[in-house]
Amino acid sequence: MLAEERRQAVADLVRARGAVRLTELAEELGVSEMTARRDVAELAGRGVLDRVHGGAMALRAPSTEEPGFAAKSGLHVAAKTAVAREAAALVPPGSSVAVSAGTTTHLAAGLLREVPGLTVVTNSLPVADLLAGAPGGAEVLLVGGRPTPSRALVGPVAVRALEAVNVDVLMLGAHGVDPARGLTTPTLEEAETDRALARAARRVVVLADSSKWRVVGLAAALPLEDVDVLVTDDGLPPAAREEAATRAGRLVLAPTGPRPRQEDPS
């Protein structure tokens with residue numbers, strides 16, 4: 001294993017477990033504790049994790065931090081695109097779909113433009129802009145509310161509007177996903193609006209790339225047990241996959257690498 005591959009493995013283990021001892025890293029990666037210590041020091045210097053006595057801990061972003069839509073759009077693009085592709089494939093023609101705010105749900109909405117006969121309910125200004133006049137002829141219903149930095153409409157007005165609708169499926173983005181805390185958001189209003197979206201749907205599909213795992217925001221939105229399908233990418237470490245699969249109804253791992261070429265049958 002190359003040094004950079006080993007450090008990526010260290011980062012994945014720390015992110016999946018929250019905290020890892022040097023002895024555990026050395027044993028699982030088949031290296032000396034000195035090598036594990038150097039890898040942790042290197043990753044801490046890059047700002048990937050926190051170095052603590054005897055091991056490493058995952059970075060914890062402020063629970064109320066909410067970057068703007070444009071800033072988030074440039075993060076983890078390959079993983080988000082893979083997740084969006086798998087999630088959009090779950091929506092059949094003629095469905096009624098709720099699409100929450102978020103950069104991954106926005107990517108999925110772009111793929112839904114080609115699905116005919118959809119009715120889309122959304123609290124996302126970018127999603128509404130994207131689907132307006134789509135070639136598939138989607139009917140778009142935009143709820144009201146207070147705009148957030150990520151251009152979501154949230155709060156009592158949004159919740160009241162969502163109480164009046166019923167949809168086949170919800171495509172729900174996530175600020176963070178944690179096995180114990182479930183889906184979380186940076187604000188109470190966003191969490192309340194996400195719960196209203198979930199109540200309006202017969203099936204809840206969560207779109208969350210693997211960087212969201214063990215991120216915990218200020219407000220709890222939904223427990224993982226209320227998620228019918230959790231779509232993430234294949235960068236999620238094995239231990240995290242097992243935890244997610246035991247809590248969500250179904251776990252879908254989106255491949256982030258190149259897809260195999262289809263052979264020409266002729």
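Leaving aside neighbours within four places in sequence, Ala19 is in contact with Val14, Ala56 and Met57. Contact here means heavy atoms within 4.5 Å. The model is a predicted one: local features need pLDDT of at least 70, side-chain atom pairs count only at pLDDT 80 or more, and totals for chains, interfaces and linings use all residues. Residues are numbered from 1 along each chain as its sequence is written, and side-chain values use heavy atoms, with hydrogens and water left out.

Ala19 belongs to strand β1 (residues 19-21). Helices (H or I, at least four residues) and strands (E, at least two) are DSSP runs, numbered from the N terminus. The relative accessible area of Ala19 is 40%, so the residue is partly exposed. The classes are buried (under 20% relative accessible area), exposed (over 50%) and partly exposed (in between), with a 1.4 Å probe and protein chains only. Ala19 and Ala58 lie 39 residues apart along the chain, yet their C-alpha atoms are separated by 6.2 Å.

Helix α1 covers residues 3-17. Its 15 residues reach 21 Å from first C-alpha to last, close to the 21 Å expected at 1.5 Å a residue. The expected span is 1.5 Å times one less than the number of residues. Buried residues of α1 are Arg6, Arg7, Ala9, Val10, Ala11, Asp12, Leu13, Val14 and Ala16. They pack against β1, α2 (22-29), α3 (33-46), β2 (49-52), β3 (55-58) and α10 (238-247). Gly18 follows α1 and has a positive phi, near 90 degrees.

Glu24 sits in helix α2. Its relative accessibility is 31%, so Glu24 counts as partly exposed. Glu24 and Leu13 are 11 residues apart in sequence and 9.8 Å apart in space, C-alpha to C-alpha.

Helix α9 (residues 188-199) has 12 residues. From first C-alpha to last, α9 reaches 17 Å, close to the 16 Å expected at 1.5 Å a residue. Glu190, Ala191, Thr193, Asp194, Ala196, Leu197 and Ala198 are buried in this helix.

Arg214 is found in the loop between β12 (201-207) and β13 (219-222). Its phi is positive, about 65 degrees, although Arg214 is not a glycine. Most residues other than glycine have a negative phi. With a relative accessible area of 17%, Arg214 is buried.

Rolling a probe the size of a water molecule over the atoms shows where empty space is left. The structure holds one cavity of 30 Å³ or more. A cavity is a set of points, on a 1 Å grid over the protein atoms alone, where a 1.4 Å probe fits but cannot get out; lining residues have an atom within 4 Å of a point. Points are joined across faces, edges and corners, and a volume is the space filled by probe spheres set on the points. The largest cavity has a volume of about 50 Å³. Its lining consists of Val177, Ala208, Asp209, Ser210, Lys212, Trp213, Leu230, Thr232 and Leu236. By class, the lining has five nonpolar, two polar and two charged residues. Ala, Val, Leu, Ile, Met, Phe, Trp, Tyr, Cys and Pro count as nonpolar, Asp, Glu, Lys and Arg as charged, and the others, Gly among them, as polar.

Overall, the secondary structure comes to 10 helices and 15 strands. Of the 266 residues in the protein, 47% are buried. Among contacts with a separation of 6 or more, 61% join residues 24 or more positions apart. The protein exposes about 12700 Å², and carbon and sulfur atoms supply 53% of it. Accessible areas come from the Shrake-Rupley method with a 1.4 Å probe; for residues, only the protein chains shown count as cover.

Note on methods. 1 Å grid on protein atoms, 1.4 Å probe; cavity = no way out; pocket = protein on both sides within 12 Å on 5 of 7 lines; lining within 4 Å.
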